[in-house]
Amino acid sequence: MSSSSVNNILLYLAWLVAVIATLGSLYFSEIKGFIPCGMCWYQRIAMYPLAVFLGIAAFYNDYRVRKYVLPITMIGSLISLYHYSMQKMPTLFTAQPCSSGVPCNMQYINWFDFITIPLLAFTAFILITFALVFIRIREN
């Protein structure tokens, strides 16, 4: 398999992860009725454009998109990790950034006692980041 084919697959994989994460967040809020907290909105702000940017890049096989997408995925992963730590280690956070509405430490899902929505978002951001970094390594 040529380097170009692998790069195309990785770019489409990154786009697919972004689309699944976007649709998953919409499923949780619109179908399951989970009201997103403030930190969830910041993660959505980072994730939703990725589905568009990566879709266009995958269509045109434009690997330069990583210059614009990687900073977004890194910021989104940091927000997700911070949010996850707020849920799992609430004693570390005395100041609550979510003062009204749904509290940020609320866990709508808690599969296997550790998988929450912020962890799912973090996983998506990391998968996209790794796919784009690997494209860069293979190109050089």
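The following legends describe close-up views of a predicted model.

View 1. Beyond its neighbours within four places in sequence, Arg-44 contacts Ser-25, Leu-26, Ser-29, Pro-36 and Pro-49.

**View 2. Arg-44 over the face of Trp-41.** Arg-44 is positioned over the ring face of Trp-41, at 5.0 Å from the ring centre.

**View 3. The tilted pair of Tyr-27 and Phe-28.** The structure contains 5 aromatic pairs. In the one formed by Tyr-27 and Phe-28, the centres are 5.8 Å apart and the planes make an angle of 55 degrees, a tilted arrangement. Tyr-27 is partly exposed, because its relative accessibility is 38%. Phe-28 has a relative accessible area of 13% and is therefore buried.

**View 4. The stacked pair of Phe-34 and Tyr-108.** The ring centres of Phe-34 and Tyr-108 lie 4.4 Å apart with 5 degrees between the planes, so this pair counts as stacked. Phe-34 is in the loop between helix H1 (3–31) and H2, whereas Tyr-108 is in the loop between helix H3 (66–88) and helix H4 (117–139); the pair therefore ties together parts that are 74 residues apart in sequence. Phe-34 is buried at 16% relative accessible area, while Tyr-108, at 28%, is partly exposed.

**View 5. An aromatic cluster.** Tyr-27, Phe-28, Phe-34 and Tyr-108 are linked into a cluster by ring pairs.

Conventions:
Residues numbered from 1 in each chain as written. Predicted model: local features only at pLDDT ≥ 70, side-chain atom pairs only at ≥ 80, totals over all residues. Heavy atoms only, no water. Contact = heavy atoms within 4.5 Å. Phe/Tyr/Trp six-rings, centres within 6.5 Å; stacked < 30°, edge-to-face > 60°. Buried < 20%, exposed > 50% of the residue type's maximum accessible area, 1.4 Å probe, protein only. Helix = DSSP H or I, 4+ residues; strand = E, 2+ residues; numbered from the N terminus. Lys NZ or Arg CZ within 6 Å of the ring centre and 35° of its normal.
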